[in-house]
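Colleague: I'm new to this one. Can you walk me through a few parts of it?
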Amino acid sequence: VDTTQVGGPYDPTAASQLALLTAKKVAESDLSQFEAEKLGGVQLYDTRKISEAVTARLKEEFEAFKASDKLKLREAGRYKIDACADQGRRSHMEDKHVVFEDLNTLLGLEDYPHQAYFAVYDGHGGVEAAKFAQAQLHCVVSQQETFKDNVVEAMRTGFLAADKLFLQKADRNALTCGATACSVLIRDTKLVVSWL
């Protein structure tokens, strides 16, 4: 969650809690309202409708958080973060990025030291691959069997697994775009950098 878009410079843990709660509430709703066509027996969903539902739910949850004093202003934090994007001569922006200062809360991870995740996704020939990486890569990495004990291996296998998933999507939807990715996972005092 980009806390500057939800109403101000708020504490990253509260922002992660807000994002997790919003995602859970949307996932628990009637998902049939988001259904698109089926392809090869796989149910596809209308991402625009899902995005609109998430945005609406996020606004509701944000107001509830503010009213309950759960949302605190950011104090001098652990990280100094800036993000910048330059479209260049392209007709539309193909790049994406993520800033997750509290990955554990965002993904509901327990029994881990503090973790943060930052990444830049440079789209090529379209934005779909960069959007996919922005939404999925950190989740896929965290689901690797080795994530708890060998984060370096989890990053390697997570990148490969996410690439395989996107290639399936690209084949299914006749996409010809791609993306490079550079990500940093901070676990306690260790920094792991991965790129593809």
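Colleague: Where is Asp102 found?
Modeller: This is a predicted model. In it, Asp102 sits in the loop between β3 (96-100) and α3 (103-107).

Colleague: Is Asp102 buried or exposed?
Modeller: Buried, because its relative accessibility is 7% and the cut-off for buried is under 20%.

Colleague: Which residues does Asp102 touch, leaving out those up to four places away in sequence?
Modeller: Pro12, Thr13, Ser16, His114 and Gln115.

Colleague: New topic. How much space lies in the second largest pocket?
Modeller: About 300 Å³. Its lining is made up of 18 residues, and Ala83, Cys84, His97, Ala119 and Val120 are the ones nearest the centre.

Colleague: Which elements give two or more residues to that lining?
Modeller: β3 and β4 (115-124).

Colleague: And how do the lining residues divide into nonpolar, polar and charged?
Modeller: There are 11 nonpolar, 1 polar and 6 charged.

Colleague: On to α4. What span should the helix have, at 1.5 Å a residue?
Modeller: Helix α4 covers residues 128-142, so its 15 residues should span 21 Å. The C-alpha atoms at its ends are 22 Å apart, which agrees.

Colleague: Where does α4 bend?
Modeller: At Gln136, by about 45 degrees.

Colleague: Which residues in α4 are buried?
Modeller: Ala129, Ala130, Phe132, Ala133, Leu137, His138, Val140, Val141 and Ser142.

Colleague: What covers the buried residues of α4?
Modeller: The cover includes β3, α3, β4, α5 (151-173) and β5 (178-187).

Notes:
Residues are numbered from 1 along each chain as its sequence is written. This is a predicted model: local features need pLDDT of at least 70, side-chain atom pairs count only at pLDDT 80 or more; totals for chains, interfaces and linings use all residues. Side-chain values use heavy atoms; hydrogens and water are left out. Helices (H or I, at least four residues) and strands (E, at least two) are DSSP runs, numbered from the N terminus. Buried means under 20% relative accessible area, exposed over 50%, partly exposed in between (1.4 Å probe, protein chains only). Contact means heavy atoms within 4.5 Å. On a 1 Å grid over the protein atoms alone, a cavity is a set of points where a 1.4 Å probe fits but cannot get out, and a pocket is an open set with protein on both sides within 12 Å along at least five of seven lines; lining residues have an atom within 4 Å of a point. Grid points are joined across faces, edges and corners, and a volume is the space filled by probe spheres set on the points. Ala, Val, Leu, Ile, Met, Phe, Trp, Tyr, Cys and Pro count as nonpolar, Asp, Glu, Lys and Arg as charged, and the others, Gly among them, as polar. The expected span of a helix is 1.5 Å times one less than its number of residues. The bend at a residue is the angle between axes fitted to the seven residues ending there and the seven starting there.
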